Amino acid sequence: MPRIDARNSNGTYDTDVAVLTAMPGSNQSYYRSIDKDHVAAVAPGVAVTVVTAPKNDEENRYQMVVDEKEPGGVLPPTYLDDNGQIQPMNYVSGGSYTFQMPSRDTEINVRYQKVTTRIQITPSDMTFHVVQTRSGDRKNPDVCTEVRTGEGVLIARYLNDVPDQSVEIQPVRIHGEHNSAGDTISRTMKWMVDDADLLQLAAEEGYTTEDARIIPRISSSFIQNILKKQIKAQADSQYQEPISATIYKTSGVVTAMTDPDYSVGNQPVYGNCRVHVTFQIKDQTTRRVEGLDLNKRNLNFTITRVLSGDRKAPQEKYLCTGDTVLSASLIPEQPFYQNVTWKDQENGKNLRLSSMGTHGEECKVTVRYDEKGQEHPAWIQNVVNADDQKWQEDPYGKRAGGASYSETVTATSEDQTHGVITAQCQVTVNFRTLDQTVVHPESVAITPGQISFDLHVKKTGTRYAPVRVNQEFEPIRAAGIVKPVFSVDERPEGYHDQVQWSLSDDQCISVDSSGKLSPKPEALWITELLDGTAYGAVKEDQKTVWLTAKTVDQGLEAKIPVTLKLTVENQVQPIRSSTGGSSRGSSGGSSTRSSSGTTVGGTKNATSSVLPSYVVTGKWIQNAAGKWLFTDQKRTYVNEWAAVHNPYADTSKGQSAFDWFRFDKDGFMVTGWFTDKDGNRYYLSPVSDGTQGRMVTGWQTIDGRSYYFQEESNGTRGALREVQ
C-alpha cells in the first residue's frame, strides 16, 4: 500500500495527501486494518473493503479525480489482479470500495489531485481614461479620441473614429493565479466581462492559462450617448458655447472562473477585476462667421375696425397691435464690421421702418393705417369700402370685412471679407372688423287694435243657497309687434324685442307677461252690480281700460282700449221641500265633533258643535247631473281648496267629520287626480262611501299601485311623494 501523493500543474508534488485503508472481510483474528504502514497477508478469494479520504487543511484541499461515468462520480481505487493487471475496485458508498483478493501479491492505489480553493486576480482594480478632443470648426470639428491607463500610458488613439496607425492598440493584461502560487492540478480559467458593450475582452475561448486583455470600446453606448446628448445640446443652442469638460464615469467587471472539475467541491471559483472607465470631452472648437440672423423671422400685426352702438348709426374706430423691434446679429455673434441697412418691398407704402442702434442693428417696424379711417393704405380702404357697400344693401346685417397682406423686410450688412450677408423677416398684416353694434326697436304696435269682453254673470240656486255662474270670462291674448321684425334664422344677436304689459286699471282685469288679459270674476264692480240686481232682473254695465305695451329696449310704447261689457242676471229660485241626499266625503281634521244636517231639495245643511276655526260650514248642493257644490252664508267656493264640514261622514266608522276638498272653476267638487299650478299632484276620493271628494293622505292603493301622499301639515299636505 503506497503513500498517496498529488502532482501539481507547476511540476511540484504534495505528498501523503490522503489515507488508504483496507479491511479484509474474514473472522480470523489475525486479520486487521491494513495501510501503508501496516502491511499484511490476505487469503485469496477474501473480499477486501477499501476506504479512502483526503487529508485536507485550511490551505490545501484534495479530491479524487472526477469521472462522471463512474458510479461514485470519481475514478475508483485500483488493485493488481491474478495477471498483474491494474483493475478498478467496485464502488460501495461514499469513499468505500471493495475487491476480491487475487491468488498473488497485489498492490492497491488511488489518484488524488489538489484542487483550487481561491483565485487571485492582478490587478483587482484598474482605470481607463478616454478623452475626446474636438478642434477646428465647431459645426464640423476634427475629433481625436485617446485611451490611456490610470497611469497615463497611451494605449490607443482614434482620429475621427478611425484607429491611428501610428499608435499600436495595446490592451491591458489581467492575470489570474490559482491558490496564489498555482500549485493545483489545473491552472486554467475562463474569462468573462459583464458589460461587453463597454469593454472589449481579448482572451482564448473556454478554459485557458492565458491572461485576459482588456480595452474600453469608444463605440460603447456609454460614450456615444454622452456625445449625442452634448452635440445635440450644442446644436440646439446654435453652437454658441463649447461642450463642457465634464468627466463622466462608469465601470464594468472582468471575471475569471475555474473549471469545476478541478475546484473545491466541484464548484467553480471566481475572481474579479473592477474596471473603471472615465470619459471627457475637450472642446477646442471655434465658431466661424456664417451669416446674419434676426431675432424674429415672422411678424404679425392686426388692424381692427371696431363698430359699436346703433347698427344703423354706429360709432367707428381703428386699433392696431403695437410696433415691433427687429434685431440683427452676426452668426456667430461678434461686432458688426459695417452698418446694417433695412428695406421693405413696397418702399414704405404699408410699413414704416425706423433704424436704431450704434450700427443700425435694430429696426422698429410700424404698420401704416389711419385711426380715424380717412387715410388708409389702398388695400385696407378697399376692404372697408366693400364692407360698407354690403351694409348699405342690408343695414341690419353685421359688417365682417377682413383681409391679409404680407411683404418681406430685408436686413443687409457686410462681413470682414466684404461679403454681403442678408437676413429676411416676413411681415403679415391682418385686417379684421369687430362689429359690436346692436339693432334697436324702431316701433311697437299691439294687435288686435282693440279688445272687447262680453261678460255674463248669472246667480241661480235658492235664496239660502245661491249659485253664481260666470260666463265669457275666458282670457284673450294681445300681441306686441316690435319692428323691425326678423325670422328666427335672421334674428340679430342681442336684439331685444320683448315688451312689458301694463293696464290703466288692474282692479277688474289682469294682464300677464305674455299679454294674456283675464277679467276678474270677483272684481268689486261685478259683485256690487250683481248684489244690486233684484230677483229675476237683468242689469248691464261697461268699463274701458287702456292696455300699454312698452319695449324693454328704448322704452317705445303702444296703447289700445280694452272694453269690458257686463251683463248680470238674478235667477235665484224659491226653495222646494223634499227628502233625499247622497253620500259624498271629506278627509282631514282631527277634532272630535257631533254634527247634524237637513237635506232639502238635494241640499244638506252641515252644522257642527266642535270644529277647528279654519273649517267652514254651510250647505252641500247636488245638481241634476249629480255634481256637488258647497256654499256657506257668504259665498260659493270656486277654483280653490276648502276645509269643509262633512255631514255625510260616519264618525262611528272612523270617518272624519270634516276634510279638505277642491272646487273647480265652476264651483263643482273635484274627484280623482288633480294637479295644482306648482305641479303637485293630489288624489280626491271618488268613492261614494260618505267621504267622496276628500283629499287622501298617507299610503293609498289606486288602480293596483301604491302611492304615498304627504301626511304632515307643512304646506304640501296631501301632495304625492312616492310611487311603488
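I looked up the largest nonpolar core first: 32 residues, with Met-126, Phe-128, Val-147, Ile-174, Trp-191, Ile-214 and Phe-279 having the most contacts inside it. I take such a core as a set of buried Ala, Val, Leu, Ile, Met, Phe, Trp, Tyr and Cys residues joined through side-chain atoms within 4.5 Å. Buried means under 20% relative accessible area, with a 1.4 Å probe and protein chains only.

Strand 20 (270–286) is among the elements that each supply at least two residues of this core. The largest share, five residues, comes from strand 20. Helices (H or I, at least four residues) and strands (E, at least two) are DSSP runs, numbered from the N terminus. I then noted a second, separate core of 31 residues, which includes Ile-451, Phe-473, Val-482 and Leu-529.

The model is predicted; local features need pLDDT of at least 70, side-chain atom pairs count only at pLDDT 80 or more, and totals for chains, interfaces and linings use all residues. Residues are numbered from 1 along each chain as its sequence is written, and side-chain values use heavy atoms, without hydrogens and water.

Next I checked helix 2 (residues 378–393). Its 16 residues should span 22 Å at 1.5 Å a residue, and its end C-alpha atoms are 23 Å apart, which agrees. The expected span is 1.5 Å times one less than the number of residues. Its buried residues include Trp-379, Val-383 and Trp-391. The buried residues of helix 2 pack against strand 22 (298–310), strand 23 (313–320), strand 28 (403–414) and strand 29 (420–435), with contact meaning heavy atoms within 4.5 Å.

Conventions
Buried < 20%, exposed > 50% of the residue type's maximum accessible area, 1.4 Å probe, protein only.
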